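Please consult the sequence and the model shown below while reading.

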Amino acid sequence: MTLTDSTSGPRQDAAVAPPGLPSRGHAVRRAPVDTRTAVPVLDVTIPVFNEERDLEECLRRLHGHLHETFPHSFRITVADNASTDGTLKIAERLAREFPELAVVHLDEKGRGNALRNVWLASPSPVLAYMDVDLSTDLAALAPLLAPLISGHSDLAIGTRLTRDSRVVRGPKREFISRGYNLMLHSFMGARFSDAQCGFKAIRADVAQQILPYTVDNSWFFDTELLVLAERCGLRVHEVPVDWIDDPDSSVDVVRTALADVRGMARLTRDLVYGRIPVPELRAALARGPLPASSRAGEQTRGSSLFGQLVRFAAIGAASTLAYLAIFVFCRGFMDPQLANFLALLITAVANTGANRRFTFGIQGGNPVRHHFEGLIVFGIGLLLTSGALALVHRATTPDRWVEVLTVVAANLAATAVRFLLFRLWVFRERSPRPPTPGTGTRTGEASATTADHAPATTSTETAAS
């Protein structure tokens, strides 16, 4: 049966009008999916644009795999976004052959637009998508879906960037992918390891609440969905995948990466200015703390002074070596003050992110504020190192190694100042703001206030506390 639906454009009003949120009340776990439902338990979406060459092989392989291995009812939905070749005709022909196959036609391009429209309209309790080239080994599909069906997790993603993943792809794509995810960790406080792997699944009850607040219609949709899920306290499950890159892929990697960077800037503004009501969503959707987390002795986040000093010293040593290497490299073709500025700026951003995560045990929350305050600390370090260089150059005409020794000594002094400011100001535990008299305090809002200092969780699971 062919279900061809001509849908034009994204949901323009969805990002503004908030959906009805479920009643507040934190549950430790979600209820398992009812697999006896009359509708398909799983809906796998394949977004396509001019994929007449690969589509039929993809659908036959996927249908055969699900028919043989998936124990519940399923549907495969081909989301054709404005193809101009024979893609739509091939999909409709196969839909007449396979009862489990449906086709949706959209008049506008974009993976994000296609997934948002199909997922919001789907009656299935578990929603997934994968790229048409099937770069991911389908053996990873069962472990991707199991934690969603059981209620253990809210969203599941494939990852190509863990030790257990097996990946075949070129060095340019590998570098861009790892660099992009490093930026997400450093500047947006993300904890998921791979934002753009085309192999994801989500529970429909969660998707109905957070999808309307996504606005990107293209490749950044994945990142936007994951960042929003983590900010709302949802649990993200990661599955290492076997991935063989498609050498004939039409995706412009560099152009997509630049669009993702612009998306990061836009999403940061949306979060800072409150376009997305994270506190309300978090109060309604976040998983509650385990009973043991209410005991004061188990709420530590590595806050002992000795432990923080050890971790800070290790990160500081790595930062100093990186600073020295960058300074020596830049000094070969630029002024010493400019070389010092660039070396200190690069290492300061990385140092703030590393200390935030490892020294002070902070995940999620508001990394923008921490990085802003970290840049103020960077300014103090810049004054110390620049002042030391200026004094040396005023007293004599130093050779290169005298300059190096001077900036290293000044950087060590700046490191000590940085630790004190990090501990006493930037990453200091802040008490929740007292409620305004007569207004009361809502539990969800209070928990969101202290979200900056939630206990650390594993890299593959995000549990709100």
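Which residues line the largest cavity? The lining consists of Gly316, Ser319, Thr320, Tyr323, Leu344, Thr347, Ala348, Asn351, Asn411, Thr415 and Arg418. The model is predicted, so local features need pLDDT of at least 70 and side-chain atom pairs pLDDT 80 or more, while totals for chains, interfaces and linings use all residues. Residues are numbered from 1 along each chain as its sequence is written, and side-chain values use heavy atoms, with hydrogens and water left out.

**Cavities**
- The structure holds 4 cavities of 30 Å³ or more; a cavity is a set of points on a 1 Å grid over the protein atoms alone where a 1.4 Å probe fits but cannot get out, and lining residues have an atom within 4 Å of a point.
- The volume of the largest cavity is about 60 Å³, volume being the space filled by probe spheres set on the points, which are joined across faces, edges and corners.
- Helices H10 (305–331), H11 (336–359) and H13 (400–426) each give two or more residues to this lining; helices are DSSP runs (H or I, at least four residues) numbered from the N terminus.

**Nonpolar surface patch**
- Phe372, Ile376, Leu420, Leu424 and Trp425 form a nonpolar patch on the surface, with about 510 Å² of accessible area together (Shrake-Rupley method, 1.4 Å probe).
- Such a patch joins nonpolar side chains within 5 Å, from residues with over 30% relative accessible area and no salt bridge (a Lys or Arg side-chain nitrogen within 4 Å of an Asp or Glu carboxyl oxygen).
- Helix H12 (367–395) and H13 each supply at least two patch residues, and H13 provides the largest share, 3 residues.
- Leu424, in helix H13, counts as exposed because its relative accessibility is 59%, where exposed means over 50%.

Methods:
1 Å grid on protein atoms, 1.4 Å probe; cavity = no way out; pocket = protein on both sides within 12 Å on 5 of 7 lines; lining within 4 Å. Patch = residues over 30% accessible without salt bridge, like charges linked within 9 Å, V, L, I, M, F, W, Y side chains within 5 Å. Buried < 20%, exposed > 50% of the residue type's maximum accessible area, 1.4 Å probe, protein only.
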